[in-house]
Amino acid sequence: QVQLVESGGGSVQPGGSLRLSCTASGIPSDYFPLYQFGWFRQAPGKEREGVSCIRGDESIVYSDSVKGRFTISRDNAKNTVYLQMNSLKPKDTAAYFCATGCSDSALYWGRGTQVNVSS
């Protein structure tokens with residue numbers, strides 16, 4: 001059974017930074033590099049939105065709202081995907097989820113980590 005565990009969320013002032021981690025278990029090490037992983041977020045009262053995605057071929061996409069501020073990366077040796085978030089804004093406040101895919105149809109999802117950006 002594949003499990004994803006996010007960590008690294010917290011409270012930060014506008015302009016600050018956080019790095020989220022998503023560690024996967026249940027995926028054989030040889031296959032992990034082939035998986036695509038997405039980061040999504042959901043703010044209270046809003047629909048879940050895709051933030052960034054990294055594919056097995058290392059291609060990356062970002063939503064327009066985070067482009068230039070967020071960086072997705074992966075460490076295949078650690079079965080972990082990261083989301084470095086810089087220049088955080090209050091509108092980035094949300095629960096952040098990672099998933100084994102780049103769309104809402106992803107099969108496996110983590111439980112999320114909360115990010116709060118306020119002064």
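Tutor: Before we look at any pairs, two strands count as paired if DSSP finds at least two bridges between them, and strands (E, at least two residues) are DSSP runs numbered from the N terminus. This is a predicted model, in which local features need pLDDT of at least 70 and side-chain atom pairs count only at pLDDT 80 or more, while totals for chains, interfaces and linings use all residues. Residues are numbered from 1 along each chain as its sequence is written, and side-chain values use heavy atoms, with hydrogens and water left out.

Student: In what sense do β9 and β10 pair?

Tutor: Strand β9 (residues 94–99) and strand β10 (residues 113–117) pair in the antiparallel sense, over three bridges, and Tyr96 stands opposite Thr113 in β10.

Student: Changing topic, how many disulfides does a search of the whole structure find?

Tutor: The search finds two, counting a disulfide as a pair of cysteine sulfur atoms within 2.5 Å. In general, a disulfide is a covalent bond between the sulfur atoms of two cysteines.

Student: Which residue is joined to Cys22?

Tutor: Cys22 is joined to Cys98, with 1.9 Å from S to S, and this link is right-handed, with 60° about the S-S bond. The pair connects distant parts of the chain, since Cys22 is in strand β3 (residues 18–25) and Cys98 is in strand β9, 76 residues apart.

Student: Is Cys22 buried or exposed?

Tutor: Cys22 counts as buried, at 1% relative accessibility, and Cys98 is also buried at 1%; buried means under 20% relative accessible area, exposed over 50%, and partly exposed in between, with a 1.4 Å probe and protein chains only.

Student: What about Cys53, what does it form with Cys102?

Tutor: Cys53 and Cys102 form a disulfide, with their sulfur atoms 1.4 Å apart. Cys53 lies in strand β5 (residues 49–54) and Cys102 in the loop between β9 and β10, so the pair ties together parts that are 49 residues apart in sequence. Cys53 is buried, with a relative accessible area of 2%, whereas Cys102 counts as partly exposed at 26%.

Definitions and conventions. Helix = DSSP H or I, 4+ residues; strand = E, 2+ residues; numbered from the N terminus.
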